[in-house]
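Please read this briefing with the sequence and the structure open beside it, and look up each residue as it is named.

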Amino acid sequence: MTIHHERSGVPNKGNRRVFAVIETFLGALGRTPLDAARAQGLHIAFVTRDMSRYAPDPPAREAFEACVDSVIEADPHDSASVVAALDRAYERSDLCGIYTTIDHYVPVVAETARTLGLPGLDPAAAHMCRNKLKTRESAEKAGVPVPLWAWVRSEEEAVAAAERVGLPCVVKPMTDAGSLDVRLCRTVQDVIAQYHVIASVPTDFFGGRRLPGALVEEYLIGYEVSVESFTFRGERTLIGVTDKGLGAHPHFVETGDVFPSLLPQTVQKDLVGTAFAALDAVGHDFGCAHVEVRMTDSGPKLIEINARMPGGQITRLIRESTGFHLQREQVRMHSGQEPDLTLRPLGSAVSRFLSAPRDGTVRAVHGLDLLARIPGVVEVDLHVAPGDRVRVPENNVDLLGSIVVCGQNGGEALRRADAAIGQIGIEVE
């Protein structure tokens, strides 16, 4: 079924360049690619399975009213469904690109682009990046350093794998994101319990089918970064390295990021080398990549590959510190234009994420008015209000918002960010 809603004043036919976007995030992050495409004069066709998902979110409603020309209903997990829906709505000659910001739909975007003759990532690479098991297999075969790992499909296999890789170990699903159901397990009982948590849920966060079983991996002790890059016409360009902050175990919840990295250049070079070798191993040949790498006492090791723009507030950090508008250039690349990958050193930027101090109901949010007195605060994105139910975060979906703060260098940006986040109090009862 196709829902072909046209904005008033936008002709159904004529000389236009249609850019299809498959689903998006809620909140401010979900609007960024839509704004970038609108600014380039593209006709935006938003492909979704359920438009009602976006109705309760004010930023999403505003984004659709301002940016989206057509709403197309299709199954975002099935490229044949997306192709058929777009064929019913448009002439193929109108279509200039297809895109998503969400990991779960990267393979469908790649397959659809290949079918329609549009720019895009190799579908085989897209599937390997999306599947942590396939990523591990490809990287290990190519000699890229990875943690010890095992794919387990029973409680007995999970226990045996934990004994092989050693405790504590990490148990996680293979096709989700945002640290959902990722847990550090210190005992065999923890491993068994987490295996059943993952195995008992057949679908991922967006309703796609999870692979059976779970990954049991060696716990890598060290600090984590992400390496941001663009690949265009066979050439890979480094955008930069992001220092990532993670909260307390047993979960792996992000607390904030720093861009550009404060690490020594020699260390960054080693981390980038591992990330780029991993991208080569999976055949990543187009678009943005966000590769997570952890530095251990035996050197850098690959955590995962995400064949999409970085999440959280990293794109904003990049823009504030280098002037590089990642979303705009990603849209340009996916719509058949040549991206401008010019970076200008402007300073540093830091994000900090907000979380609930305890489980319960939000009574009040304090201190937002004080942020104006701290220099360098450029964004406050809060998506919690009195009356909302919240919990101490177990994954990134549980986070309640973020701030972005800039400075002349990393030290100043960090000090300002710590001062700013300290002003915000979320009262929970």
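The points below go from the whole chain to its strands, its salt bridges and some single residues.

This is a predicted model, in which local features need pLDDT of at least 70 and side-chain atom pairs count only at pLDDT 80 or more, whereas totals for chains, interfaces and linings use all residues. Residues are numbered from 1 along each chain as its sequence is written, and side-chain values use heavy atoms, with hydrogens and water left out. The chain has twelve helices and 19 strands, where helices (H or I, at least four residues) and strands (E, at least two) are DSSP runs numbered from the N terminus.

**The chain as a whole**

- The radius of gyration of the chain is 21 Å, which agrees with the value near 22 Å that a compact globule of 429 residues would have; this radius is taken over C-alpha atoms, and the globule rule is 2.2 Å times the number of residues to the power 0.38.
- Along its principal axes, the C-alpha trace of the chain spans about 65 × 50 × 45 Å.
- Of the 429 residues in the chain, 55% are buried, where buried means under 20% relative accessible area, exposed means over 50%, and partly exposed lies in between, with a 1.4 Å probe and protein chains only.
- The accessible surface of the chain comes to about 17800 Å², and carbon and sulfur atoms account for 51% of this surface; the areas come from the Shrake-Rupley method with a 1.4 Å probe, and for residues only the protein chains shown count as cover.
- Among contacts between residues at least 6 apart in sequence, 69% join residues that are at least 24 apart, a contact being heavy atoms within 4.5 Å.

**Strands and their pairing**

- Three strands form an open sheet in the order β17-β15-β19, and their pairing is antiparallel; two strands pair if DSSP finds at least two bridges between them.
- The edges of this sheet are β17 (389–390) and β19 (425–428), each of which pairs on one side only.
- Strand β15 (residues 360–366) runs antiparallel to β19 and is joined to it by four bridges, and Val365 stands opposite Ile426 in β19.
- Elsewhere, strand β1 (residues 18–22) pairs with β4 in the parallel sense over four bridges, with Phe19 opposite Gly97 in β4.
- Strand β4 (residues 95–99) is largely enclosed by the rest of the structure, because five of its five residues are buried.
- In a regular strand the side chains alternate between the two faces of the sheet.

**Salt bridges**

- The count comes to 25 salt bridges, each being a side-chain nitrogen of Lys or Arg within 4 Å of a carboxyl oxygen of Asp or Glu.
- One of them joins the side chains of Arg294 and Glu224, at 2.7 Å from N to O, and this pair links distant parts of the chain, since Arg294 lies in strand β12 (residues 287–296) and Glu224 in strand β9 (residues 223–232), 70 residues apart.
- Arg294 counts as buried at 5% relative accessibility, and Glu224 counts as buried at 9%.
- Arg316 and Glu379 also meet in a salt bridge, at 2.3 Å from N to O; Arg316 lies in helix α10 (residues 314–322) and Glu379 in strand β16 (residues 377–382), so the pair ties together parts that are 63 residues apart in sequence.
- Within this pair, Arg316 counts as partly exposed at 21% relative accessibility, whereas Glu379 counts as buried at 16%.
- Arg391 forms a salt bridge with Asp398, and their closest N and O atoms are 2.9 Å apart; Arg391 is partly exposed, with a relative accessible area of 34%, while Asp398 counts as buried at 15%.
- Salt bridges that share partners join Arg136, Lys172 and Glu217 into one network.

**Cysteines and Ile305**

- The structure holds zero disulfides, a disulfide being a pair of cysteine sulfur atoms within 2.5 Å.
- Cys129 is in no disulfide, and the nearest cysteine sulfur, that of Cys288, is 12 Å away.
- Cys129 counts as buried at 7% relative accessibility, and Cys288 counts as buried at 1%.
- Ile305 is found in strand β13 (residues 299–306) and counts as buried at 3% relative accessibility.
- Leaving out residues up to four places away in sequence, Ile305 touches several residues, including Cys129, Thr135, His290 and Val291.
- The C-alpha atoms of Ile305 and Leu354 are separated by 25 Å, and these residues are 49 apart along the chain.
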